[in-house]
Each structure stands twice: as C-alpha cells, then as structure tokens.
Amino acid sequence: MSLAVSLIAPSSFTAQDTVDAGIRGLESLGIEVRYTEPLQSPQRYLASSREQRLAQLHVAYADPDTQAVWAVRGGYGAAQLIDGIDWALLERHAKPLIGFSDVTVLLHHWYLHGIPAIHGPVAKAAGGLFDSPANDHAIIHRQLGETLALIQGAGSRDYPLARCPSSASTGAPADQILQGPVVGGNLMTLASMVGTPVAFHAPLNALVILEDVGEPHYRLERALWQLVHSGGLDQAAAVCLGTFEGCTPYRDTRLEDIVAETLTPLGLALFSGLPIGHGLHNRPWRYGAKGRIDGDRLVIAG
C-alpha cells in the first residue's frame with residue numbers, strides 16, 4: 001500500500017535543514033510527504049502563530065489523500081491549539097496523529113475524542129537515516145518502520161520492561177497481571193496542564209507511560225507530585241518509565257526510588273526500562289490502545 005502523510009508544525013520552530021532532512025528520510029521509506037506552504041512562519045520560538053498552526057492542522061485533516069498527520073517536532077506550543085480545534089472535522093476525517101514530547105497533550109485529547117493517535121518518533125527523526133552511525137541507523141529505521149506499520153493497522157507489539165524493586169513499597173502485588181488503556185507521555189508536559197481545562201486524568205486501570213529529557217531529578221519529582229496530588233493518576237493501575245535522557249540525578253539517588261516514593265499514596269505498580277522517549281530508542285505505540293503487563297513484557301494492541 002502506498003502511503004502519504006501530512007506534515008504539520010504544531011509546536012516549536014525547527015531549522016529548515018532539519019525539516020528537509022526529515023522529509024528526505026520519510027521519502028526514502030517510500031512515503032509521500034505533503035504540507036501547506038509555508039510550513040513555518042516563525043513567531044518567537046514557535047513554528048508560527050496559533051491561528052496558522054490551527055489552520056495547518058485543519059487542512060491536514062481535510063486532505064482526503066493522506067493516511068496520517070505527522071508532527072515535525074515537539075518543543076512548546078501544542079496545548080495552545082486545543083480550544084480552537086474543529087473536533088467535528090477531525091472526527092469526520094479520522095486518521096492518526098504521530099508525535100511525542102510536547103505533542104503529548106494533543107495525543108491525549110485525540111484519544112478522548114476517539115481519534116487515532118500514535119506516540120512515536122517525530123518527523124525530523126527520519127533525518128537520522130542519513131547522518132547517524134550505522135548501528136543507530138538500524139534502530140531508527142526499525143522504529144520508523146514500526147510507525148508505518150501502526151498507521152497501516154498492524155497488530156499488537158510487545159515492549160520490554162522491568163518491575164522496580166522499590167515499587168514493593170506501593171503495595172501492588174508483584175505477580176499481578178495488569179490490563180488497561182496505555183496513555184501518558186512526557187512528564188513535564190503532562191504536569192504543565194494541571195489546573196487547566198485540558199488537565200490530564202488517566203482513565204480507569206490505565207498503564208501510564210512517562211518519559212522526559214534534560215530535567216534534573218528535583219524538577220521531575222515536582223512534576224510527578226503535581227500529577228499525583230491533582231488527581232491525574234487516581235484511576236491508573238501502573239506507571240511505566242521510559243527513558244529520561246540527560247536528566248541530572250541528585251547524588252546517588254535513583255529516579256525509580258523518587259518515583260516510587262511519590263506514588264506511594266496511590267498504591268500503583270511501578271515499572272522501568274521501556275525503550276520509549278527522547279533518546280535513540282523511541283519505539284512507537286498506539287495511544288489509548290489496550291495494554292497488558294505480564295512479567296517482563298508490556299503488550300500493546302495495534
């Protein structure tokens with residue numbers, strides 16, 4: 001099946017050579033890439049004004065000849081779009097939105113509106129098919145291939161993870177099989193929505209994935225504390241930690257121990273080791289799909 005995608009820039013501005021490399025990478029996989037001109041009209045650190053980004057989003061969904069909408073990058077700005085989205089239009093032309101990081105807030109609201117979404121590599125990541133070491137190239141190629149398979153309706157996929165020994169303090173049974181919708185994403189983005197009309201609230205029995213980049217551990221603890229004490233995780237069954245690239249620890253304290261301590265009032269199971277996040281390993285998954293944790297695997301429906 002030939003595949004065409006609509007490219008959008010819903011958040012921060014991206015250097016043009018990075019955009020061009022990402023487009024070439026997607027095209028090298030046989031994907032037709034479409035976008036409205038100009039893709040970006042920089043305003044401060046944003047890709048363009050809120051009105052331009054909304055119009056671009058709506059045009060992308062109205063295009064009958066593309067099978068997915070792919071965000072160039074995250075950064076900042078996606079949350080500004082939520083209250084201006086024509087949900088009826090998106091529901092009428094439902095197709096998956098792909099991205100992560102700042103795009104997390106959009107993915108969750110796509111899920112709430114019954115529109116497909118994929119937490120996975122942003123479009124600029126495809127540039128790594130040309131300028132990365134050979135070993136990295138293979139990993140990037142696999143992750144983009146998995147993303148394309150999800151667009152085309154591939155079946156379930158499994159992801160390695162490990163139960164954190166420190167999570168015993170939460171009181172969750174060690175041999176418990178957990179099932180529920182898989183949601184979450186970037187921790188700082190989710191925390192930034194607390195107290196707003198678009199605040200994150202995990203659905204019943206949710207398996208919540210969290211990841212981040214470049215944040216010291218005290219800021220991650222503060223963000224998680226916000227989520228816990230705002231009720232955002234009240235109905236969740238587990239938290240699964242992805243990668244936390246470049247996140248500065250405090251002395252020899254492990255992030256898993258900080259998270260376990262913060263989650264204690266909720267009694268949630270805690271897992272780590274998911275190959276999902278801002279680093280080289282960022283395997284895609286269908287947002288809101290049914291997940292199952294059994295032993296050392298997380299299986300997510302396609």
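Biologist: Which residue forms a salt bridge with Arg 50?
Modeller: This is a predicted model. In it, Arg 50 forms a salt bridge with Asp 83, and the closest N and O atoms are 2.6 Å apart. Arg 50 lies in helix H2 and Asp 83 in the loop between E3 and helix H3 (87–92), so the pair ties together parts that are 33 residues apart in sequence.

Biologist: Is Asp 83 buried or exposed?
Modeller: Asp 83 is exposed, at 69% relative accessible area. Arg 50 is partly exposed, at 27%.

Biologist: How many salt bridges does the structure hold?
Modeller: It holds eleven salt bridges. One of them joins the side chains of Arg 34 and Asp 63, at 3.3 Å from N to O. Because Arg 34 lies in strand E2 (residues 31–34) and Asp 63 in the loop between helix H2 (50–62) and strand E3 (68–71), this pair connects parts that are 29 residues apart in sequence.

Biologist: Which residues are linked with those two in a network?
Modeller: Glu 32 and Asp 65 belong to the network of salt bridges with Arg 34 and Asp 63. Between Asp 65 and Arg 34, the closest N and O atoms are 3.8 Å apart.

Biologist: Now the sheet: what is the order of its strands?
Modeller: Eight strands form an open sheet with mixed pairing, in the order E6-E14-E13-E8-E9-E10-E11-E7. Strands E6 (157–160) and E7 (162–163) are the edges, each pairing on one side only.

Biologist: How many bridges join E8 to E9?
Modeller: Five bridges join these parallel strands. Val 182 has Leu 207 in E9 as its bridge partner.

Methods. Residues numbered from 1 in each chain as written. Predicted model: local features only at pLDDT ≥ 70, side-chain atom pairs only at ≥ 80, totals over all residues. Heavy atoms only, no water. Pairing = 2+ DSSP bridges. Helix = DSSP H or I, 4+ residues; strand = E, 2+ residues; numbered from the N terminus. Salt bridge = Lys/Arg side-chain N within 4 Å of Asp/Glu carboxyl O. Buried < 20%, exposed > 50% of the residue type's maximum accessible area, 1.4 Å probe, protein only.
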